[in-house]
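I opened the model and made notes as I went. The entries follow in the order I looked things up.

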Amino acid sequence: MAETVIVGKSVVRMDTTAKARGGAIYGVDVRFGGMLVGKTLRAGIPHARIVSLDTSAAAKVPGVCAIVTGADCARRHGLFQKDQPALAIDRVRYAGEVVAAVAAEDEDAAEEAIERIAVDYEELPGVFDVIEAV
């Protein structure tokens, strides 16, 4: 049987020095001309109806290229059944649910736009029991 070149032997990794010194370049570090920065606005409350969602002030921020809300995105996902919206539509079901997303030319513009999105929530009671949920 032919001897393997790598399997079962120590291999010197070429990236260890750069990683140990903090100089390694990862995918998130790569920037190309014309790239946009994305930021999301998360609900921050566990269960609520979205009464109103106003992105008009955010759209006026210089450098903002796009703002997307649940009304703009019909995409659904899920492990077994694709029933979960990519962005909140009509109500939020957990505090981290994304309510809106912004694409801008730089981080500052994206952050400012997120801060200018006005969302009015009507808080709903939480459901903490399986039987009650049914």
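**Notebook: loops, patch, pocket, salt bridges**

I started with Val-30, which sits in the loop between helix 1 (16-20) and strand 1 (37-42). I note here that the model is a predicted one. Val-30 has a relative accessibility of 32%, so I put it down as partly exposed.

I then looked at the nonpolar surface patch to which Val-30 belongs.

I went on to Gly-44 and found it in the loop between strand 1 and strand 2 (48-54).

**Salt bridges**

How many salt bridges does a search of the whole structure find? I got six.

I looked up Lys-39 and Glu-107, whose side chains meet in a salt bridge at 2.7 Å, N to O. This pair links distant parts of the chain, with Lys-39 in strand 1 and Glu-107 in helix 3 (residues 107-116), 68 residues apart. I have Lys-39 as partly exposed, because its relative accessibility is 22%. Glu-107 is also partly exposed, with a relative accessible area of 42%.

Lys-39 has a salt bridge with Glu-111 as well, and I read 3.7 Å for that one, N to O. Glu-111 lies in helix 3 and Lys-39 in strand 1, so this pair ties together parts that are 72 residues apart in sequence. I noted Glu-111 as partly exposed, since its relative accessibility is 33%.

Next I checked Glu-112 and Arg-116, which form a salt bridge with the closest N and O atoms 2.6 Å apart. Both residues lie in helix 3, four residues apart, about one turn of the helix. Glu-112 is partly exposed at a relative accessible area of 30%. Arg-116 is partly exposed too, with 39% relative accessibility. I also recorded a network in which Arg-13, Asp-15 and Lys-19 are joined by salt bridges that share partners.

**Largest pocket**

I turned to empty space. Rolling a probe the size of a water molecule over the atoms shows where such space is left. The largest pocket holds about 180 Å³.

Which residues line the largest pocket? I listed His-77, Asp-83, Gln-84, Pro-85, Ala-86, Leu-87, Ala-88, Arg-93, Tyr-94, Glu-97 and Val-98. Sorted by class, I have six nonpolar, two polar and three charged residues in the lining.

My last entry is Gly-126, found in the loop between strand 8 (118-123) and helix 4 (130-133). With 35% relative accessibility, Gly-126 goes down as partly exposed. I also looked up how far Gly-126 is from Ile-89, and their C-alpha atoms are separated by 18 Å. Along the chain, Gly-126 and Ile-89 are 37 residues apart.

Definitions and conventions. Residues numbered from 1 in each chain as written. Predicted model: local features only at pLDDT ≥ 70, side-chain atom pairs only at ≥ 80, totals over all residues. Heavy atoms only, no water. Patch = residues over 30% accessible without salt bridge, like charges linked within 9 Å, V, L, I, M, F, W, Y side chains within 5 Å. Areas by Shrake-Rupley, 256 points an atom, 1.4 Å probe, with all protein chains shown as cover. Salt bridge = Lys/Arg side-chain N within 4 Å of Asp/Glu carboxyl O. Helix = DSSP H or I, 4+ residues; strand = E, 2+ residues; numbered from the N terminus. Buried < 20%, exposed > 50% of the residue type's maximum accessible area, 1.4 Å probe, protein only. 1 Å grid on protein atoms, 1.4 Å probe; cavity = no way out; pocket = protein on both sides within 12 Å on 5 of 7 lines; lining within 4 Å. Points joined across faces, edges and corners; volume = space filled by probe spheres on them. Nonpolar A, V, L, I, M, F, W, Y, C, P; charged D, E, K, R; others polar.
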